[in-house]
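Q: I would like a close look at a single part of this model. Please treat that part in detail and then place it in its surroundings.

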Amino acid sequence: RIGHRGAAGHAPENTLAAIWKARSFHADLIEIDLRATSDGHLVLLHDDTIDRTTNKSGHVSEMSLEQIQRLDAGNWQRVPTLEEALDVAGRAIGMILELKVEGIGNEACAIVKRTGFPGPLIYASFLMPELQRVRQTDPDAKIMVLQHRRLPPDPVADVVALDASHVGLHFSTVTPMLLQTYHNLGRQVFVYTVNESQDIQRMRNLGVDGIISDFPDRI
């Protein structure tokens, strides 16, 4: 049971309120999105701009942490740092850190190590070079290769090359044969973003290992 961007169906996405909400549902993990500010801090934002999720507009990479944290991210929530998110998650819930841009994997690993985060933690990305940096920085890291809706010609190549423990698939692409292929390689398969009850049940019936949802309470 994995909360998407915290528990985005119940609280503003990628905020501390959303993480608390996922904790209240006793989700096993939460997924959050990471980007870097202009002064090198990692913050929880999905888009490359702040337009959709805050009360202002602009590019994340062109704004300082101070500017970012003055924003209203919805319901009087502010945009948290990775350190703040790890602190709220604490020992209560595991984390999936999605690296949205290249060049932040090393810093994400450093923050996780510095804060001593005790729970299960997985680094995820669609960006293979970034996952390679994580692997070089932390040989023991758990890594999840995210696959787009349009699967690559060889959907296991990157998984094997990175020695990834997990694969993230859009739920519409999952077939019994693909799932069995990954399971035969000893990989766990998480599916995103599954919000409707009938889709959740179908994924359960197929035997996926984790379901990522805006509504983790529905799983």
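Which residues point one way from β4 and which the other way, and are they buried or exposed?

A: The model is a predicted one. In strand β4, Gly94, Ile96 and Glu98 point one way, while Met95, Leu97 and Leu99 point the other way. Residues of both groups are buried. The strand, which spans residues 94-99, is accordingly described as mostly covered, with 6 of its 6 residues buried. The charged residue Glu98 is included in this, as its relative accessible area must lie under 20% to count as buried.

The strand partners of β4 come next. Strand β2 (residues 29-36) pairs with β4 in the parallel sense, over 6 bridges. Within this pairing, leucine 34 stands opposite leucine 99 of β4. Strand β5 (residues 121-125) also pairs with β4 in the parallel sense, here over 4 bridges.

Two packed helices are described by the angle between their axes and the distance between the axes.

Helix α1 (residues 16-24) packs with helix α3 (residues 82-89) at an angle of about 20 degrees, and their axes are 10 Å apart. That angle makes α1 roughly parallel to α3, because angles under 35 degrees count as such. Their crossing is right-handed. From α1, the residues in contact are Leu16, Ile19, Trp20 and Arg23, and from α3 they are Glu84, Ala85, Val88 and Ala89. By class, this contact of α1 with α3 holds 6 nonpolar and 2 charged residues, with no polar ones.

Helix α3 packs with α4 as well, at an angle of about 45 degrees and with the axes 10 Å apart. This arrangement makes α3 oblique to α4. The crossing of α3 with α4 is right-handed. Here α3 contributes Leu82, Glu83 and Leu86, whereas α4 contributes Ala108, Ile111, Val112, Arg114 and Thr115. The residues of this contact of α3 with α4 comprise 5 nonpolar, 1 polar and 2 charged.

Helix α4 (residues 105-115) in turn meets helix α5 (residues 128-137): their axes come within 8 Å and cross at roughly 40 degrees. The two helices, α4 and α5, are therefore oblique to each other. The crossing of α4 and α5 is right-handed. Gly105, Asn106 and Cys109 are the α4 residues that meet Glu130, Arg133, Val134 and Thr137 of α5. In this contact of α4 with α5 there are 2 nonpolar, 3 polar and 2 charged residues.

How values were computed. Residues are numbered from 1 along each chain as its sequence is written. This is a predicted model: local features need pLDDT of at least 70, side-chain atom pairs count only at pLDDT 80 or more; totals for chains, interfaces and linings use all residues. Side-chain values use heavy atoms; hydrogens and water are left out. Axes are lines fitted to C-alpha atoms, for helices over the stretch in contact, and angles run from 0 to 180 degrees between N-to-C directions. Angles under 35 degrees count as roughly parallel, over 145 as roughly antiparallel, 65 to 115 as roughly perpendicular and the rest as oblique. A crossing is left-handed if the near helix is turned anticlockwise from the far one by less than a right angle, and right-handed if clockwise. Contact means heavy atoms within 4.5 Å. Buried means under 20% relative accessible area, exposed over 50%, partly exposed in between (1.4 Å probe, protein chains only). Two strands pair if DSSP finds at least two bridges between them.
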